[in-house]
Amino acid sequence: MEKMSESHEDYLEAMVMLGADPDTPIRSVDVAEKLGVSKASVNKAVSVLKERGFVDKPYYGDITLTQEGYDYGRSVLDRHQMLVLFLTKAIGIPDEQADREACLMEHAISDDSFERWFAYVESLEL
């Protein structure tokens with residue numbers, strides 16, 4: 001899957017974290033609150049995500065992830081969670097710092113490197 005901007009990945013990740021899946025609509029205001037951005041910023045990002053086929057949103061209505069959008073957002077969230085686990089449990093970084101740094105790392109790591117790192121972390125049985 002073609003990588004998108006960190007910002008758009010964060011929007012999809014936030015939507016998944018809010019409980020959205022292809023069958024569960026979410027409100028723009030909830031996404032804005034989760035990310036600490038304005039509703040206008042959410043609307044702009046949703047327009048781009050809609051053009052790319054990751055979300056559906058009627059002019060007036062809630063956001064619904066497409067299956068592709070859900071899968072992409074879930075993969076970003078999975079990366080984040082694994083990175084936090086590794087940073088906190090394997091090398092002892094404090095939780096808040098690990099969460100911030102995992103957010104930076106989740107966007108930069110390639111799929112191949114992530115898969116290898118994930119296999120390594122699973123072998124550690126953290």
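**Salt bridges and helix packing**

Mentor: Asp 112 has a relative accessibility of 43%, and is therefore partly exposed. Please keep in mind throughout that this is a predicted model.

Trainee: With which residue does the side chain of Asp 112 meet in a salt bridge?

Mentor: Side chains of opposite charge can pair when their charged atoms come close. The N to O distance is 3.2 Å, and the partner is Arg 116.

Trainee: Is Arg 116 buried or exposed?

Mentor: A residue counts as exposed when its relative accessible area is over 50%. The relative accessibility of Arg 116 is 60%, so Arg 116 counts as exposed.

Trainee: How many salt bridges does the structure hold?

Mentor: One of them joins Asp 112 and Arg 116. Another joins the side chains of Asp 30 and Arg 27, at 2.8 Å from N to O. The structure's count of salt bridges is four.

Trainee: In which helix do Asp 78 and Arg 74 both lie?

Mentor: The side chains of Asp 78 and Arg 74 meet in a salt bridge, with 2.9 Å from N to O. Asp 78 is partly exposed at 33% relative accessibility, and Arg 74 is partly exposed at 26%. The two residues are four apart, about one turn of their helix, which is α4 (residues 67–90).

Trainee: Not counting residues up to four places away in sequence, which residues does Arg 74 touch?

Mentor: Arg 74 is found in helix α4. Ser 113 lies 39 residues from Arg 74 along the chain, and their C-alpha atoms are separated by 17 Å. With residues up to four places away in sequence set aside, the residues that Arg 74 touches are Val 16 and Gln 81.

Trainee: How are α4 and α6 placed relative to each other?

Mentor: The axes of α4 and α6 are 11 Å apart, and the helices pack at an angle of about 45 degrees. The crossing of α4 with α6 is left-handed. The two helices are therefore oblique.

Trainee: How many nonpolar residues does the contact of α4 with α6 have?

Mentor: From α4, the contact includes Met 82, Leu 83 and Phe 86, and from α6 it includes Phe 114, Trp 117 and Val 121. By class, this contact has no polar residues, three charged ones and, as the number of nonpolar residues, 11.

Trainee: At what angle do helix α1 and helix α5 pack?

Mentor: Helix α1 covers residues 6–17 and helix α5 covers residues 95–108, with their axes 10 Å apart. The angle between them is about 115 degrees. That makes α1 roughly perpendicular to α5.

Trainee: How many charged residues are there in the contact of α1 with α5?

Mentor: In this contact, Glu 6, Glu 9, Asp 10 and Glu 13 of α1 meet Cys 103, Glu 106 and His 107 of α5. The contact's residues comprise one nonpolar, one polar and, as the charged group, five.

Terms used. Residues are numbered from 1 along each chain as its sequence is written. This is a predicted model: local features need pLDDT of at least 70, side-chain atom pairs count only at pLDDT 80 or more; totals for chains, interfaces and linings use all residues. Side-chain values use heavy atoms; hydrogens and water are left out. Axes are lines fitted to C-alpha atoms, for helices over the stretch in contact, and angles run from 0 to 180 degrees between N-to-C directions. Angles under 35 degrees count as roughly parallel, over 145 as roughly antiparallel, 65 to 115 as roughly perpendicular and the rest as oblique. Contact means heavy atoms within 4.5 Å. Ala, Val, Leu, Ile, Met, Phe, Trp, Tyr, Cys and Pro count as nonpolar, Asp, Glu, Lys and Arg as charged, and the others, Gly among them, as polar. Buried means under 20% relative accessible area, exposed over 50%, partly exposed in between (1.4 Å probe, protein chains only). A crossing is left-handed if the near helix is turned anticlockwise from the far one by less than a right angle, and right-handed if clockwise.
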